[in-house]
Amino acid sequence: MRRPLIAANWKMNTTLADAHVLANGVRNHAEHMDRVDIVLCPPSLWLTELVHGGIAPRQMPHLKLGAQNMHDQESGAFTGEISPLMVKEVAEYVIIGHSERTHLFNEDWDFIASKLKAAFAHNLIPILCVGEDEQNADSKKNVLHILKYLTQGLTEAQLEKLVVAYEPVWAISDGAKGTAATPEYAQDMVSHLRGHLTPKTRILYGGSSNDKNARSFLEQADIDGFLVGGASLKLKAFVTMCQIADDMAATRK
Ligand code: PGA
């Protein structure tokens, strides 16, 4: 049985005060949710602040911090970047290869594959994002092709630890508005990807997920949780999603 995982991708949002309010709110509500892993990925500047605010690495079994991105090198002349060594002091997860990194900041697949290896080398749990830009007859083939390329050379144990976020780019919201894929469409894609992963690998859905549609995605056999953007900035919506996952985990799989 795979533990559900709900990851919050706050993107470039929140003041420091907002970050504390959101994180404390999640922590208070999540205290009793011991069947779901919750990962908060704030802007990297806030990671240390949230650690000092009480979400320290390896302190809370089911509530963790993650970075939204990192470089593949340990240190060096890379202005503006953060390294795996830095991330691992304050977080346990890291989002790798989000489509906003590949599309807006031109990160290429080799760089992403290298970051993925760096995450494993530093004992971080990567949340690797894959997903098609547009829906067409080749979508399944194309997404699997990228996933295979990025994960080549990983060991079975690494594939088991890996978290994959299937995020169709066309379904990702602008923060306020977006149209999710149907749960059936996502399940079809995710089961196709699982064939190349392992039965233990957790695969999330991302793209306009929220408290209203969460249950219908989690009812799908291969969808183990969400990478949540816009809805993760609304405390009530986000903790409702976590609660639904926790409740369903009591009865499913
Ligand atoms: P969204 O973002 O939930 O706002 O669509 C998801 C993501 O980009 O990770």
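**Aromatic cluster, nonpolar cores and backbone of a predicted model**

Y166, Y205, F217 and F226 form one aromatic cluster, where rings of Phe, Tyr and Trp (the six-membered ring of Trp) are paired if their centres lie within 6.5 Å, and where planes under 30 degrees apart count as stacked, those over 60 as edge-to-face and the rest as tilted. The structure is a predicted model, for which local features need pLDDT of at least 70 and side-chain atom pairs count only at pLDDT 80 or more, whereas totals for chains, interfaces and linings use all residues. Residues are numbered from 1 along each chain as its sequence is written, and side-chain values use heavy atoms, with hydrogens and water left out.

A pair of aromatic rings is described by the distance of the centres and the angle of the planes. A search of the whole structure returns four aromatic pairs. In one of them, the ring centres of F217 and F226 are 6.0 Å apart and the planes stand at 90°, so the pair is edge-to-face. Both F217 and F226 are buried, the term being applied under 20% relative accessible area, with exposed meaning over 50% and partly exposed in between (1.4 Å probe, protein chains only).

The secondary structure of the protein chain comprises ten helices and eight strands, taken as DSSP runs numbered from the N terminus (helices H or I of at least four residues, strands E of at least two). The radius of gyration of the protein chain is 17 Å, close to the 18 Å that the globule rule gives for 253 residues, so the chain is as compact as a globular protein of that length; this radius is taken over C-alpha atoms, and the rule is 2.2 Å times the number of residues to the power 0.38. The C-alpha trace spans about 45 × 45 × 35 Å along its principal axes, and 54% of the 253 residues count as buried. Among contacts (heavy atoms within 4.5 Å) between residues at least 6 apart in sequence, 77% join residues at least 24 apart.

In soluble globular proteins, nonpolar side chains tend to be buried together. Here a nonpolar core is defined as a set of buried Ala, Val, Leu, Ile, Met, Phe, Trp, Tyr and Cys residues joined through side-chain atoms within 4.5 Å. The largest such core holds 70 residues, of which I38, L40, Y205, F226 and F238 touch the most other members. Helix α10 (residues 235–249) supplies the largest share of this core, namely eight residues. A second, separate core of 13 residues includes I95, C129, V163 and L227. When neighbours within four places in sequence are left aside, the contacts of I38 are with I6, V26, A30, M33, H62, L63, K64, F238 and C242. V90, which is found in helix α3 (residues 84–90), is buried at a relative accessible area of 13%; the C-alpha atoms of V90 and I55 are 9.1 Å apart, although these residues are separated by 35 places in sequence.

The structure holds zero disulfides, a disulfide being a pair of cysteine sulfur atoms within 2.5 Å. For C41, the closest cysteine sulfur is that of C129 at 9.4 Å, which is too far for a bond, and C41 is buried with a relative accessible area of 0%. C242 is likewise in no disulfide, its nearest cysteine sulfur being that of C41 at 12 Å; at 1% relative accessibility, C242 counts as buried.

Two charged side chains were found over aromatic rings, the criterion being that NZ of Lys or CZ of Arg is within 6 Å of the ring centre and within 35 degrees of the ring normal. R101 lies over the face of F105 at 4.2 Å from the ring centre, and the charged end of K115 sits over the ring of F111, 4.5 Å from its centre. R101 belongs to helix α4 (residues 99–104) and, with neighbours within four places in sequence set aside, is in contact with N69, N106 and E107. R101 and N69 are 32 residues apart in sequence but 8.3 Å apart in space, C-alpha to C-alpha.

Most residues other than glycine have a negative phi, and most peptide bonds are trans. K11, in the loop between β1 (5–9) and α1 (16–30), has a positive phi of about 50° although it is not a glycine, and is buried with a relative accessible area of 19%. N123, which is also not a glycine, has a positive phi of about 60°; it is found in the loop between α5 (109–121) and β5 (125–130) and is exposed, with a relative accessible area of 59%.
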